[in-house]
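Welcome! Open your viewer, get ready to select residues, and follow along stop by stop.

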Amino acid sequence: MKGIITALITPFNEDGTINEEGLREVVRYNLDVMKVNGLYVGGSTSESFLMDEESKRQLFKIVKDEIDVDTKLIAQIGALNIEEAVRLGKEAKELGYDALSAITPYYYKFSFQEIKAYYKRLTDDTDHPMIIYSNPAFTGAQFSVEDYGELLALPNVIGVKYTDTDLAKLGNLKESHPEKVFFSGADEMLLPFAISGADGAIGSTYNLLGEDARTIYEAVQKSDLETARRVQSHMNKVIDFLLEGGVYSSIKYVFKQKGIDAGYMKFPFRELTDEEKKNADNILEIIEK
Ligand SMILES: CC(=O)N[C@@H]([C@@H](O)[C@H](O)[C@H](O)CO)[C@@H](O)CC(=O)C(=O)O
């Protein structure tokens with residue numbers, strides 16, 4: 001499991017239910033236009049931490065049903081409630097998802113041993129490949145190389161979605177665990193991540209910039225750093241604009257500009273203001289440059 005994996009957005013209706021038609025269009029765009037190597041479903045970008053269990057189940061089903069090309073599917077089933085996470089993990093496995101992923105349990109300041117016990121139970125009960133979703137900035141859970149080593153030693157754990165900026169640690173991890181996969185979680189830093197040994201990247205902006213991301217990743221594999229630097233610089237200009245109004249709502253707005261109904265945000269996330277929409281109008285132009 002390598003390469004560029006889009007963290008899929010979830011189009012919602014105004015009442016907070018999933019906009020199925022819009023979701024299918026967004027999946028198609030990722031498969032047919034961005035041609036990414038995989039989809040990461042139910043992560044931060046999917047706004048899944050705002051969704052109830054039934055909606056997450058529906059999300060996994062619709063995305064899987066829309067897949068008709070060879071692409072990797074990862075279901076982010078992490079939830080504070082372990083029983084819910086296990087139920088969703090078993091169902092995603094049944095649906096044919098290639099791997100599961102789970103955010104480190106958050107809000108309460110869990111010890112490392114408690115976090116390890118969480119993944120041990122989740123991976124034992126689901127018995128399916130698991131990618132640890134590590135996002136220290138959002139969860140407060142920070143791991144040493146040794147801590148990561150203990151998590152990676154758990155049966156079924158195949159790798160880490162490394163949403164951290166410590167590239168020295170990433171390089172150290174890849175060197176100590178060459179058989180595991182490590183994915184970049186910061187799209188702005190895809191180039192340095194790829195150089196530091198990341199096996200690929202999982203990110204929100206790949207919904208719109210997946211082609212650029214593939215160019216960067218493939219250029220690094222061929223040591224063509226000139227191309228990689230040029231394209232990363234272009235990508236980051238677009239990402240700066242996307243971040244202005246909020247990356248998820250900006251992505252949905254740009255999709256709408258392309259004629260794809262990417263729906264609403266999930267409450268309490270707000271929609272773009274008129275001012276932010278005006279700024280976002282530049283994005284389409286820059287993307288297509
Ligand atoms: C917090 C967040 O959304 N981070 C994004 C990045 O792709 C991020 O949006 C991007 O680097 C722009 O800052 C991903 O790491 C999140 C992700 O992959 C997910 O949806 O789970």
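**Stop one: an arginine in a helix**

Select Arg57, which lies in helix H2 (residues 53–66); helices here are DSSP runs of H or I with at least four residues, numbered from the N terminus. This is a predicted model, where local features need pLDDT of at least 70 and side-chain atom pairs count only at pLDDT 80 or more, while totals for chains, interfaces and linings use all residues. Residues are numbered from 1 along each chain as its sequence is written, and side-chain values use heavy atoms, leaving out hydrogens and water.

Is Arg57 buried or exposed? Arg57 counts as buried because its relative accessible area is 15%, and buried means under 20% (1.4 Å probe, protein chains only).

Next, show Arg87, Leu88 and Glu91, which Arg57 touches, not counting residues up to four places away in sequence (contact means heavy atoms within 4.5 Å).

**Stop two: the second largest pocket**

Select Ser44, Glu47 and Phe49, which are among the residues lining the second largest pocket. A pocket is an open set of points on a 1 Å grid over the protein atoms alone, where a 1.4 Å probe fits, with protein on both sides within 12 Å along at least five of seven lines; lining residues have an atom within 4 Å of a point. Finish with Tyr133, Asn135 and Phe269, also part of this lining.

Key. Helix = DSSP H or I, 4+ residues; strand = E, 2+ residues; numbered from the N terminus. Buried < 20%, exposed > 50% of the residue type's maximum accessible area, 1.4 Å probe, protein only.
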